[in-house]
Amino acid sequence: MAEAAQNPVTQQEKIIVTNKHGEKLVGLLHDTGSGDIVILCHGFTATKEDPIMVNLGVALENEGISSFRFDFSGNGESEGIFEYGNYRKEADDLHSVVEHFSGTSRVASVILGHSKGGDVVLLYASKYHDIRTVINVSGRYDLKKGIAERLGKDFMELIKKEGFLDIMNNTGGVAFRVTEESLMDRLSTDMHEACLQIGKECQVLTVHGSDDEIIPVNDAVEFSKIIPNHKLLIVRGANHCYTSHQAELASVVVDYIKTVLQQDKATSN
């Protein structure tokens, strides 16, 4: 596991950012006093308290780098209704967070997302062009894939018939509802086309586990083929949630961010 001991001088401050729909997004700032901030974006049905988000925040703290992990609208403590799709809306949520920090003495220098969050940070880069470093951790290249595994093979027929599909949890309750609109939102989100819109000035790191059981490692290879300024790192033996490889994930991510921030500082001087 990543180092759990927190820097005693680091404070975690709850910050609320309002998105463009008037919904309050709740996040925690790991404040080391650094001018640069890394924005950490969780995956599908996860929150800012996901172990990957927490461990990366602590690992960055230990190197003196501030980070902000937050809940997308409809997730965790944030306002809004949970939706199955919402990829582009979450990219807009992220923009609200970036804008919030641009109005302070700090700057959001790096955006990182895991799983669905990986797609969100890439969509962000394709639309806004104001962040020069993007880290995609185990994002999905083809959003038309992986649906039947989660929703069942007859998902389209059932949703067309009822207008929605309730996905049950292990205790027999409803984990989440998939509406036809939210499903179409996912199916109409073209990651290939989006990645072609990412500028050469934006450096992208894709990290993926070789034993990912949710999103095949080949998706990472496909991203590497089309993103112009791209680096690919495979964590050998890691599954989708890096269950036994949290330390390795934190190490490659933090090393990359430190190098990027040092290069940016040298360039600005």
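Which residues touch the most other members of the largest nonpolar core?

## Nonpolar cores

The model is predicted. Its largest nonpolar core holds 37 residues. Within that core, Ile39, Phe68, Phe70, Leu94, Ile111, Leu122 and Val134 touch the most other members.

Take Ile111 and leave aside residues up to four places away in sequence. A second core, of 25 residues, is separate. Leu56, Ile65, Ile257 and Val260 are among its members. In soluble globular proteins, nonpolar side chains tend to be buried together.

## Helix H1

H1 spans residues 51-61 and is mostly covered. Nine of its eleven residues are buried. They are Ile52, Met53, Asn55, Leu56, Gly57, Val58, Ala59, Leu60 and Glu61. Leu56, buried in H1, is one of the residues of the second core.

Asp50 caps the N-terminal end of the helix. One of its side-chain oxygens lies 3.0 Å from the backbone nitrogen of Ile52.

## Helices H5 and H6

How do the axes of H5 (residues 155-162) and H6 (residues 180-187) cross, and at roughly what angle? They come within 10 Å and cross at roughly 140°. Angles over 145 degrees would count as roughly antiparallel. The pair is therefore oblique.

H5 contributes Phe155, Met156, Ile159 and Lys160 to the contact. H6 contributes Glu180, Leu183, Met184 and Leu187. By class, the contact residues are six nonpolar, two charged and no polar.

Terms used: Residues numbered from 1 in each chain as written. Predicted model: local features only at pLDDT ≥ 70, side-chain atom pairs only at ≥ 80, totals over all residues. Heavy atoms only, no water. Buried < 20%, exposed > 50% of the residue type's maximum accessible area, 1.4 Å probe, protein only. Helix = DSSP H or I, 4+ residues; strand = E, 2+ residues; numbered from the N terminus. Polar contact = N/O pair within 3.5 Å; in protein donor to acceptor, adjacent residues only side chain to side chain. Core = buried A, V, L, I, M, F, W, Y, C linked by side-chain atoms within 4.5 Å. Contact = heavy atoms within 4.5 Å. Axes fitted to C-alpha atoms, helices over the stretch in contact; angles between N-to-C directions. Parallel < 35°, antiparallel > 145°, perpendicular 65-115°, else oblique. Nonpolar A, V, L, I, M, F, W, Y, C, P; charged D, E, K, R; others polar.
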